Amino acid sequence: MTNIYNFTRRDLRRQIMRFLSQVEDYRTGQATSGGFISLADTQMAADAANYWVGAQVYIPTLNAQRRVGSFASSTLYFVPTLAAAVVSGYDYEICKDFRIEEVHDAIDRAIMEVSHVMLTSRVDTTLTKRADEYRYSVPSGFAYLAEVWYKDYTGTGDSYDRWEEVDPIHWDVLLEASGPILVLNHDYDWTDVNSKALRLVGQTPPLRLSDETTNVAVNPEWVIQHALMNLSAKRASGSDDRPDQYQRMHMLARQAIERLRPLMYSPPLPGSRRVMET
């Protein structure tokens, strides 16, 4: 099975921005006070008035990004105002040039670049075997189904649940107009399985990251370098006032991508049944 890495979108974004901060000013911090139109951080006391004007500030707790309209006395003033107020302790990120949505889009593009050649593990336990029923809609999200198990024993205290695998000859997947159907062998004796939870084990393509807490299913180094390659390419054409630095960043990221590309492949598990096109 493909690993789920201990990297969230937040971790990826901050790594990417730290690379970009070699060229553009980027910082992270924590609000000491704030409101609907402002965020103050005493750690910015040394920054000159209006230093951050035009920069993009992102507040993850509010999932909100705003342009800085003015800056003075350690306080950022937003344009436009926020729908919810900033309070003391809120994390924030600020960058002179790159927009957070731009970085998130680059992360998603890196993931989708390999979504047709690699698969990540998926497990579902929402189905229960019902007496005299042998057809079940496969839960969404599977591209391939490799194993079907049933809960033979529910653990209590220090004991653990015990699962038994159903022999693959006793189940199959049919692709019907209404969706994929898990079909159980009608001639098999399911008496011991009736009313017990089923566990489906299979694979799915990696998905875009839509929140700050879900772990990425793709090698984080691939995502970071692929994002840097795309983000730096936009500013290496000469329209930016530091094209040479972006050109070098683009070259190094591209080299890393070519080194990693042969590793970005994972086939279906042996004996898998196809559930949908990948």
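How many bridges join strand β4 to strand β7, and in which sense do the two strands run? Three bridges join β4 (residues 56–59) to β7 (residues 91–95), and the strands run antiparallel. Welcome to a quick tour of this predicted model, in which local features need pLDDT of at least 70, side-chain atom pairs count only at pLDDT 80 or more, and totals for chains, interfaces and linings use all residues. Residues are numbered from 1 along each chain as its sequence is written, and side-chain values use heavy atoms, with hydrogens and water left out.

**The sheet**

- Seven strands make up an open sheet with antiparallel pairing, in the order β1-β7-β4-β5-β6-β3-β2. β1 (26–30) and β2 are the edge strands, each with a single partner, so one side of each has no neighbour in the sheet.
- Strands here are DSSP runs of E with at least two residues, helices are runs of H or I with at least four residues, and both are numbered from the N terminus. Two strands count as paired if DSSP finds at least two bridges between them.
- Helix α1 (residues 9–20) packs on this sheet and touches β1, β4 and β7, while its direction makes about 35° with that of β7. Contact means heavy atoms within 4.5 Å; axes are lines fitted to C-alpha atoms, for helices over the stretch in contact, and angles run from 0 to 180 degrees between N-to-C directions.

**Strand β4 and its partners**

- On the β7 side, Val57 has Ile94 as its bridge partner, and Gln56 stands opposite Cys95.
- With β5, strand β4 pairs in the antiparallel sense over four bridges; the partner of Ile59 there is Ala64.
- The hairpin of β4 and β5 has four residues between the strands, and Asn63 in this hairpin takes a positive phi near 50°.
- In a regular strand the side chains alternate between the two faces of the sheet. Both faces of β4 are covered: Gln56 and Tyr58 are buried on one side, Val57 and Ile59 on the other. Buried means under 20% relative accessible area, exposed means over 50%, and partly exposed lies in between (1.4 Å probe, protein chains only).

**Met17 in helix α1**

- Met17 sits in helix α1 and is buried, with a relative accessible area of 1%.
- Not counting residues up to four places away in sequence, Met17 touches Tyr26, Cys95, Phe98 and Val103.
- Met17 and Asn230 are 213 residues apart in sequence, yet 13 Å apart in space, C-alpha to C-alpha.

**Backbone details in the loops**

- Val79 and Pro80 are joined by a cis peptide bond with omega of about -10°; Pro80 belongs to the loop between β6 (75–79) and β7.
- Ser73, in the loop between β5 (64–72) and β6, has a positive phi near 50° without being a glycine. Ser73 is exposed, at 72% relative accessible area.
- Asp132 is another non-glycine residue with a positive phi, about 60°. Asp132 lies in the loop between β8 (120–124) and β9 (135–137) and is exposed, at 66% relative accessible area.
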